[in-house]
Amino acid sequence: MALDELSFSVPAGRMFGFVGPNGAGKTTAMRIVLGVLAPDAGEVHWQGRALDEQGRRGIGYMPEERGLYPKMPVGEQLGYLAQLHGMPAVRARDAAARWLERLGIADRTDDPVEALSLGNQQRVQLAAALVHEPPLLVLDEPFSGLDPVGVDVLSEVLLDEVRRRGATIVFSSHQLELVERLCDAVAIIAAGRLVASGGVDELRRAHGSRRWRVQVSGAPAAWHGGVDGVRALEDSIYELGDQADPQALLDAARRQGRVERFGPAEVTLAELFREATAAR
Amino acid sequence: MKAWPTIRLVAGRELREGVRSRAIRASLVVQVLLVVAIALFAAASGSDDGPPSLELGVVSTEPQPVVRAARAQQQGSRAQQQGFELRLRVRELPDAVAARRAVREEEVDAALTGGRLLVPGDPDAALVALLQSASRSARSAQNLRDAGLTQPQIAAAMMPAPLATERVAAQEGGGEGLAFLGSLLLYIAVISCGYAIASGVVTEKNSRVVEIVLSAIRPSQLLAGKVLGVGLIGLMQIVIVVSAGLGVALATGSVDMPSTTGQTAALVTVYFLLGYALFGMAFAGAASIVSRQEDIQSTTMPLMVILIGGYVLSTTALGNPDGTLAVVGTFLPPIAPMIVPGRAAQAALPAWQLAASIALMLLTVLVVAKVAARLYARSVLRFGAPMKLTEALRRRGTAQ
């Protein structure tokens, strides 16, 4: 069984991160949303109603396995895919041209996809998911295989879709810092089950731990040993128990050496993820 | 969006891709060249079709009205009106002895000398009848002249409207050739289209674009559009190849078109569509269970066996269009397309058999379409090692 009682909701008009270790069932879940796979049980709702064929047609989808018609010209291909999603022919052609312009590959409009470099093929792939102006985007690992510039371009395009059109975007990724930076809310799944979901801030609060970043020079490694309820984590992060007082920690630091930095630290998504998935 | 606009959209893409494809253009050029070469060769080597050509020996020293009448038959028009179709050549012979020898040694088909018609042991009935008729006309004209009628009066009396003759069944030879050609053409077209579909299905699967496409439309719509689009390309190819071949053949006069050519062409078209629908769907279904171009051959093997076997059977069956094999083949949907047009061209097909054959074809096409769509929907998104057929049919498909 790939998915087990998995259920979560995505806030409209936001960017939503879908994370989980390999084999957790992310791709399966996304394929079910798209209707490419049929679930044994369960439903997908969109705007309060069960998602039907018409609704699915409006979704923009980037599958994990990228693919386009290799011998079909880029512009014609985007127009065709837009039409398959129900866009009238003329608008589809215009939209294709607009996206190629925006992604900087307008000069390749009449070339077959297979003649493009891998990076440019990925741009076309992105355009294929966006060309019909979908209200909902489902992107399976859209950032994988991109160089840092590609990551920036894609982030910018996605943020713009949300800001400009109010699109709802769900994407999966292993790059958790990226998810943390782009997304307001996430769902973490493991082994086909939901581990946690909600706003990133909510999840941090729910995690409940109080962390402080303290950088001290000239102090022994265990300088915090005298303070009750303090545990050292990595990278000068210290976790404080319920009774521990940050001021006591600061005092201890000043006694032992020179305090370079002192301030509250947030739990990272990567940590939330690691802890959540390790618990099972 | 309704199903039909979607299917049309998919078919349109297949059509454009086909027209763009170098392989398809190249194969079209090869086929046209081949057909033109065959037609030119047939023209150069002369054909057995058409009216028989006969030679009449005439002893020139005694000109006779019959000879004049016979010579007039060379124009052919009267002969055809009378229901004969033969070309008559006249050879001058010096005397009666030479005439006898020429007939005996079969240098001529008959000879006229001294008011006698010399014929060989097995005289050509049409030639004899033609000459008897010419002789009667000549004698009647002479009698009328003797009775004192003027030349215009004689001409009027001698030119009654001939009995119009009309052919109501296909001519033997020509129909048969057309039948073999039709079944060969069908066989080639179905195989090449079937293969094009299989390759298209695997390309979509291999390039993974099928997942994007199926996130927007149903598998059955993709399948239907694909079969329709590739079929249109196939039909276009047939039309181009046939027109090229016929054009050359007619221009060089290497074939005489039997009067039933139109019917045969219509039947070939109907059976191409039915046969193509049947095998096109089957090829698509078979191809959907594999992921690599190299596996197409093995997965479509059973279909190829049926097609090749069917073609071999059909050539045997058409040799005897009323035989058991031909009749049974008429009702076997996978091979009927290669047999029925041929039988009909040879005028050996009762109407009820044609109707039953088409009904059976339609039924089979529906069943195969259903099974193929099921197979396709269940396996086209499964990548990797080829699936077992039974597993593919059992599997749960997409939601749509």
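**Close-up views of a predicted two-chain model**

**View 1. Strands E1 and E6 of chain A run parallel.** Strand E1 (residues 15-19) and strand E6 (residues 168-172) of chain A are joined by 4 bridges. Met15(A) faces Ile169(A) of E6(A) across this pairing. Strands here count as paired if DSSP finds at least two bridges between them. Helices (H or I, at least four residues) and strands (E, at least two) are DSSP runs, numbered from the N terminus. This is a predicted model, in which local features need pLDDT of at least 70 and side-chain atom pairs count only at pLDDT 80 or more, while totals for chains, interfaces and linings use all residues. Residues are numbered from 1 along each chain as its sequence is written, and chains are lettered from A and ligands numbered from 1 in the order in which they are written.

**View 2. An open sheet of 6 strands in chain A.** The strand order is E4-E5-E6-E1-E7-E8, with mixed pairing. Strand E4 (60-62) and E8 of chain A form the edges, each pairing on one side only. From one strand to the next, the twist averages 10 degrees. Angles run from 0 to 180 degrees between N-to-C directions; axes are lines fitted to C-alpha atoms, for helices over the stretch in contact.

**View 3. Helix H8 of chain A lies across E7 and E8.** H8(A) runs at about 110 degrees to E8(A). Contact requires C-beta atoms, placed from the backbone, within 7 Å. Helix H8 spans residues 200-207, and the count of buried residues among its 8 residues is 0. Buried stands for 20 or more other C-beta atoms within 10 Å of a residue's own, exposed for 12 or fewer, and partly exposed for values in between, with C-beta atoms placed from the backbone. Gly208(A) follows H8(A) and has a positive phi, near 75 degrees.

**View 4. Domain 1 of chain A touches domain 2 of chain A.** The domains cover 15-199 and 208-278; their bounds come from an automatic or database domain assignment. Their centres, taken over C-alpha atoms, are 40 Å apart. Domain 1 gives 10 residues to the contact and domain 2 gives 7. On the domain 1 side, helix H7 (176-182), strand E7 (185-190) and strand E8 (193-199) each give two or more residues. That side has 9 nonpolar, no polar and 1 charged residues. Ala, Val, Leu, Ile, Met, Phe, Trp, Tyr, Cys and Pro count as nonpolar, Asp, Glu, Lys and Arg as charged, and the others, Gly among them, as polar.

**View 5. Strands E9 and E12 of chain A pair in the antiparallel sense.** Strand E9 (residues 210-217) and E12(A) share 7 bridges. Trp212(A) stands opposite Pro264(A) in E12(A). Strand E12 (residues 258-265) is hardly covered, with a buried count of 0 among its 8 residues.

**View 6. Gln47(A) and Glu141(A) have positive phi values.** Phi is about 55 degrees at Gln47(A) and near 50 degrees at Glu141(A). Gln47(A) sits in the loop between strand E2 (45-46) and strand E3 (49-50). Gln47(A) counts as exposed because it has 10 C-beta neighbours inside 10 Å. Glu141(A) belongs to the loop between strand E5 (136-139) and helix H6 (148-165). Glu141(A) is buried because 20 other C-beta atoms lie within 10 Å.

**View 7. Chain B meets chain A.** The contact takes 20 residues from chain B and 25 residues from chain A. On the chain B side, helix H1 (3-20) and helix H9 (209-216) each give two or more residues. H9(B) supplies the largest share, 7 residues. By class, the chain B side has 10 nonpolar, 5 polar and 5 charged residues.

Note on methods
Contact = placed C-beta atoms within 7 Å.
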